[in-house]
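Please open the model in a viewer and keep the selection tool at hand.

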Amino acid sequence: MALTLYVDTARWRAHHKHVQQQFPGLVPVCKGNGYGFGHGRLAEEATRLGSDVLAVGTTYEAARIKDWFGGDLLVLTPYRRGEEPVPLPDRVIRSVSSVDGVYGLVGARVVIEVMSSMKRHGVGEQDLPQLHSAIENVRLEGFAIHLPLDRTDGSDAVEEVIGWMDRLRAARLPLHTMFVSHLKAEELSRLQQQFPQTRFRARIGTRLWLGDHEATEYRGAVLDVTRIAKGERFGYRQQKAASDGFLVVVAGGTSHGVGLEAPKALHGVMPRAKGVARAGLATVNRNLSPFVWAGKQRWFAEPPHMQVSILFVPSDAPEPQVGEELVAHLRHTTTQFDRILDR
């Protein structure tokens, strides 16, 4: 009995090809937990796409993935002096976000990140004059810019990239390749038309692997079902049942990522109101689970255990049967499945 990730493989791969057609020179991203699929699986899919470069999050990920992917590996986390050395092959390209970082990578293949409106990391305009001598001792693969997802100020992503292209050109720095993130296909096309001598390469993870929501589905197997009457005590904390119903033990607990949720940015009155309502229910131990039964998301009977969750299904709903599977609305980037099945 397992928490299973089902993949409609033909549909999933058709989506990959569609994205690849929209973004010529696409660089797939495989970081974290491999967007829920695992590093090995995504390395295999990137190879299937014919990708010559695969972007990873850290040097530790590069060390693992190098045996699964035969092309170049682009490490997205910028190099810092004093970091733990990790043995890596020459086909690994390091990102750098400072002049000092460039000087620290003599002989290495590097991509230099520029500071975008994200304000996360990158070289600033004031650093550009110093790059001339710094890049003489590295193999420069190009520059990169990581853009924000939302632009609440109404600014234009293409104009931000153009601004940096102009600064780099004015500083007489090589512009043969620019790696970009979070651009739309039409925005990338506009840039390519304006700068035909530069190759723009979109680094894409979420849109590529998770863009077709109907291609994948998590399901947890029902392990046990126990009828319970109103007022009966149950669980680790011996709470009382609020009404008659069923305690349903389903595969999927904290070790799988069930019950874990990344903070969300809320925009608008309604999402904020829902957030307040959820917080209020949580204070009285009412937490909605990701598992669906009979068309409704069901409540946790108590906080999820390490490998299973206990749900409360009221008596007016059909009784789940052991061996049935409940669809689970889980976030791929925080979920670890027991098994993956292609169909």
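Select strand β5, residues 92-96: five of its five residues are buried, so β5 is largely enclosed by the rest of the structure. Here, buried means under 20% relative accessible area, exposed means over 50%, and partly exposed lies in between, computed with a 1.4 Å probe on protein chains only. Strands (E, at least two residues) and helices (H or I, at least four residues) are DSSP runs numbered from the N terminus. The model is predicted, so local features need pLDDT of at least 70 and side-chain atom pairs count only at pLDDT 80 or more, while totals for chains, interfaces and linings use all residues. Residues are numbered from 1 along each chain as its sequence is written, and side-chain values use heavy atoms, with hydrogens and water left out.

Now display the side chains of β5. Val92, Arg94 and Val96 point one way from the strand, whereas Ile93 and Ser95 point the other way, and all are buried.

Two strands pair if DSSP finds at least two bridges between them. Strand β4 (residues 72-75) pairs with β5 in the parallel sense over three bridges, and the bridge partner of Val75 in β5 is Arg94. Strand β6 (residues 109-114) also pairs with β5 in the parallel sense, over three bridges; there Ser95 stands opposite Val111 of β6.

Eight strands form an open sheet in the order β2-β9-β8-β7-β6-β5-β4-β3, with parallel pairing. Its edge strands, each pairing on one side only, are β2 (27-28) and β3 (53-56). Further along the order, select strand β7 (residues 139-146), which runs parallel to β8 and is joined to β8 by four bridges. Phe143 stands opposite Met178 in β8. Helix α6 packs on this sheet and touches β6, β7, β8 and β9 (199-204), its direction making about 145° with that of β7. Contact means heavy atoms within 4.5 Å.

Select helix α6 (residues 157-170) together with helix α7 (residues 185-194). Two packed helices are described by the angle between their axes and the distance between the axes. Axes are lines fitted to C-alpha atoms, for helices over the stretch in contact, and angles run from 0 to 180 degrees between N-to-C directions. The axes of α6 and α7 lie 10 Å apart, at an angle of about 30°. This angle makes α6 roughly parallel to α7. In this scheme, angles under 35 degrees count as roughly parallel, over 145 as roughly antiparallel, 65 to 115 as roughly perpendicular, and the rest as oblique. The crossing of α6 past α7 is right-handed; a crossing is right-handed if the near helix is turned clockwise from the far one by less than a right angle, and left-handed if anticlockwise. To view the contact, show Ala157, Val158, Glu159, Val161 and Ile162 of α6, which meet Glu187, Arg190, Leu191 and Gln194 of α7. The residues of this contact of α6 with α7 divide into five nonpolar, one polar and three charged. Ala, Val, Leu, Ile, Met, Phe, Trp, Tyr, Cys and Pro count as nonpolar, Asp, Glu, Lys and Arg as charged, and the others, Gly among them, as polar.

Move to helix α2 (residues 39-48), where Glu45 is found. Is Glu45 buried or exposed? At 1% relative accessibility, Glu45 counts as buried. Not counting residues up to four places away in sequence, Glu45 touches Trp12, Arg13, His16 and Trp209. Other buried residues of α2 include His39, Arg41, Leu42, Ala43 and Ala46. The cover over the buried residues of α2 includes α1 (9-22), β2, β3, α3 (59-65), α8 (206-210) and β18 (339-342).

The axes of α1 and α2 come within 11 Å and cross at roughly 60°. This makes α1 oblique to α2. Thr9, Trp12, Arg13 and His16 in α1 meet Arg41, Leu42, Glu44, Glu45 and Arg48 in α2. The residues of the contact of α1 with α2 comprise two nonpolar, two polar and five charged.

Finish in the loops. Most residues other than glycine have a negative phi. Arg172, in the loop between α6 and β8 (177-181), has a positive phi of about 55° although it is not a glycine. Arg172 is exposed, with a relative accessible area of 67%.
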